[in-house]
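Keep the structure open while reading.

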Amino acid sequence: MKLVVIWLRRVMLLVGLSLVLAACSKEGPSFQSLDITGNKEFAQDFSLQDPQGKTRTLADYKGKAVVMFFGYTHCPDVCPTTMAELNQVMQKLGDDAQRVQVIFVTVDPQRDTAELMGQYVPAFNPAFVGLRPADDAALREVTKSFRVVVNKVEGSTPNNYTIDHTAGIYVFDPNGQLRLFMRPDESVDAMAKDLKTLLG
């Protein structure tokens, strides 16, 4: 998890300039999450496969706020905890939850098959969608473009390993613009409030 802490510090440095510039411009909405509006250090789109093998991009969710979390199904703690919290966020949003799409992106496509993703992700909430990179090259591309740290930790057998990874949540607004980076230590109430603000 040391890599994740280092990565979060880098994120703080990366968004620092944009936050300073935002303070000098006209006042916008106030968020408890990191406001990364206009920051070009992160990808502005993605191309990933759903459990049916169809390629999905941000355009498929136009009109909805997209909440994007990177993880893997064999994760023992951070991933299931975060997914359960995102389900709680959706409950707090009430009717506004219909205007939000939560996406779980696996960083472990080797074990996270399409079938497994189709079972694991909706178990937290039927509306949640699991997406996976098509191959190793696509995995490297999407994690690099979103600055997601992924470090495979070998286990006792070739298939028994864990993955240290960035636990942050990326949020696009309904117009498809990347707006927020939610820290893993944020409360459910704080995340729900920021999403309500983003939805206007």
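Strand S4 (residues 65-71) pairs with S5 in the parallel sense, over seven bridges. The model is predicted. S5 spans residues 100-106 and is mostly covered.

**S5 and its neighbours**
- Gly 71 has Thr 106 as its bridge partner in S5.
- S5 also pairs with strand S6 (residues 129-131), in the parallel sense and over three bridges.
- Leu 131 in S6 is the bridge partner of Val 105.

**Side chains of S5**
- In a regular strand the side chains alternate between the two faces of the sheet.
- Val 100, Val 102, Phe 104 and Thr 106 point one way from S5.
- Gln 101, Ile 103 and Val 105 point the other way.
- How many of the seven residues of S5 are buried? Seven of the seven are.

**Crossovers**
- S4, helix H2 (residues 78-93) and S5 make up a β-α-β unit, and the unit is right-handed.
- From S5 the chain crosses through helix H3 (residues 114-120) to S6. This β-α-β crossover is right-handed.

**The sheet as a whole**
- The sheet is open and has six strands.
- Their order is S1-S10-S9-S4-S5-S6, with mixed pairing.
- Which strands are the edges? They are S1 (34-35) and S6, and each pairs on one side only.

**Helices across the sheet**
- H2 lies across S4, S5 and strand S9 (169-172). The angle between H2 and S4 is about 165°.
- Helix H5 (residues 188-199) lies across S4, S5, S9 and strand S10 (178-182). H5 runs at about 175° to S10.

**A loop residue to check**
- Arg 147 lies in the loop between helix H4 (136-145) and strand S7 (150-157).
- Most residues other than glycine have a negative phi.
- Arg 147 is not a glycine, yet its phi is positive, at about 55°.
- Is Arg 147 buried, partly exposed or exposed? Its relative accessible area is 34%. Buried means under 20% and exposed means over 50%, so a value in between counts as partly exposed. Arg 147 is therefore partly exposed.

Conventions: Residues numbered from 1 in each chain as written. Predicted model: local features only at pLDDT ≥ 70, side-chain atom pairs only at ≥ 80, totals over all residues. Heavy atoms only, no water. Buried < 20%, exposed > 50% of the residue type's maximum accessible area, 1.4 Å probe, protein only. Helix = DSSP H or I, 4+ residues; strand = E, 2+ residues; numbered from the N terminus. Pairing = 2+ DSSP bridges. Right-handed = clockwise from strand over helix to strand, strands pointing away. Contact = heavy atoms within 4.5 Å. Axes fitted to C-alpha atoms, helices over the stretch in contact; angles between N-to-C directions.
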